[in-house]
Amino acid sequence: MTAKIDDADYDHRMEELLKRFQAIHQAYLVQRQKAVVVFEGWDAAGKGGTIRRMSSVMDPRGLKVWPIGAPNESERTRHYLARFFERLPQAKEIAVFDRSWYGRVLVERVEELTDEKSWRRAYGEINAFEKMLAENGTRIAKVFLYIDPDEQLKRFEKRLSDPLKRWKLTYEDFRNRDKWGLYVDAVDDMLARTDTADAPWHVVAANQKKYARISALTHIAERLSEGVDLTPPQPDAGLEERFKREKKAA
């Protein structure tokens with residue numbers, strides 16, 4: 001939990017990572033690739049900030065960010081995975097989930113929103129779901145950002161004192177702290193039972209935000225670029241010729 005990175009190293013590595021994400025994004029658009037990125041972690045662990053860095057160099061037509069909260073009334077009448085099927089990426093898309101289907105074995109387990117038989121069954125259902133995605137050509141990257149209770153409280157204080165971030169802090173955040181031990185057990189079980197070859201977990205010591213961003217984004221870039229040719233495509237000869245004619249006529 002003491003892992004850190006200095007400012008100079010962070011700036012250099014972030015610059016390189018963002019260039020790589022630009023190359024990944026271009027390759028996905030040209031080669032019709034698709035990917036799912038899952039962010040889980042403690043409240044205030046830095047999921048949103050990490051997603052913002054990644055998305056800052058991508059065209060919104062090829063990147064979808066899905067913030068996941070509690071299911072609505074209609075969604076509660078269906079299988080818990082149904083609402084995620086509707087948000088899966090098409091060809092040329094990267095879908096980022098800020099929290100995900102893992103709510104079934106985390107918050108729903110701890111808060112007793114589903115019975116024990118159902119959340120225990122969900123481990124196998126989730127593994128099968130992700131295997132199906134992988135076999136259909138969807139690359140999967142999963143990150144869990146881990147902070148300790150003291151660091152979380154410091155971040156809550158910063159949110160409370162910042163008028164532009166105060167909206168992020170809710171009573172539910174404090175209520176979740178009261179069940180920290182139960183969530184630790186749930187997280188440990190989740191990581192042990194859903195870390196697979198198709199969709200491995202990358203757990204990040206996130207007490208320092210900069211280190212966490214570099215670690216998380218490096219893993220995501222590696223997963224998304226695996227087996228993908230990131231070489232920029234050659235210019236279209238017809239377009240080049242048309243440009244030359246337009247320029248000559250101007």
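**View 1. Helix α10 is largely enclosed by the rest of the structure, because 12 of its 17 residues are buried.** Buried means under 20% relative accessible area, exposed over 50%, and partly exposed in between (1.4 Å probe, protein chains only). The model is predicted: local features need pLDDT of at least 70, side-chain atom pairs count only at pLDDT 80 or more, and totals for chains, interfaces and linings use all residues. Residues are numbered from 1 along each chain as its sequence is written, and side-chain values use heavy atoms, with hydrogens and water left out. Helices (H or I, at least four residues) and strands (E, at least two) are DSSP runs, numbered from the N terminus. Among the buried residues of α10 are Arg213, His219 and Arg223. Ala212, Ile214, Leu217 and Leu224 are also buried there.

**View 2. The buried residues of α10 pack against helices and strands.** Their partners are α1 (7–31), α2 (47–55), β1 (34–41), β3 (93–98), β4 (138–146) and β5 (201–205). Contact means heavy atoms within 4.5 Å.

**View 3. Five strands form an open sheet with parallel pairing.** The order is β2-β3-β1-β4-β5. β2 (63–67) and β5 are the edge strands, each pairing on one side only. Neighbouring strands are turned by 20° against each other on average, direction ignored. Two strands pair if DSSP finds at least two bridges between them. Five parallel bridges link β2 and β3. Lys64 stands opposite Ala95 in β3.

**View 4. Helix α2 packs on the sheet.** α2 touches β1, β2, β3 and β4. Its direction makes about 155° with that of β1. Axes are lines fitted to C-alpha atoms, for helices over the stretch in contact, and angles run from 0 to 180 degrees between N-to-C directions.

**View 5. Arg99 and Glu112 have positive phi.** Neither residue is a glycine. Arg99 sits in the loop between β3 and α5 (107–110), with phi near 75°. Its relative accessibility is 25%, so Arg99 counts as partly exposed. Glu112 lies in the loop between α5 and α6 (116–135). Phi of Glu112 is about 55°. Buried or exposed, where does Glu112 fall? Glu112 is exposed, with a relative accessible area of 68%.
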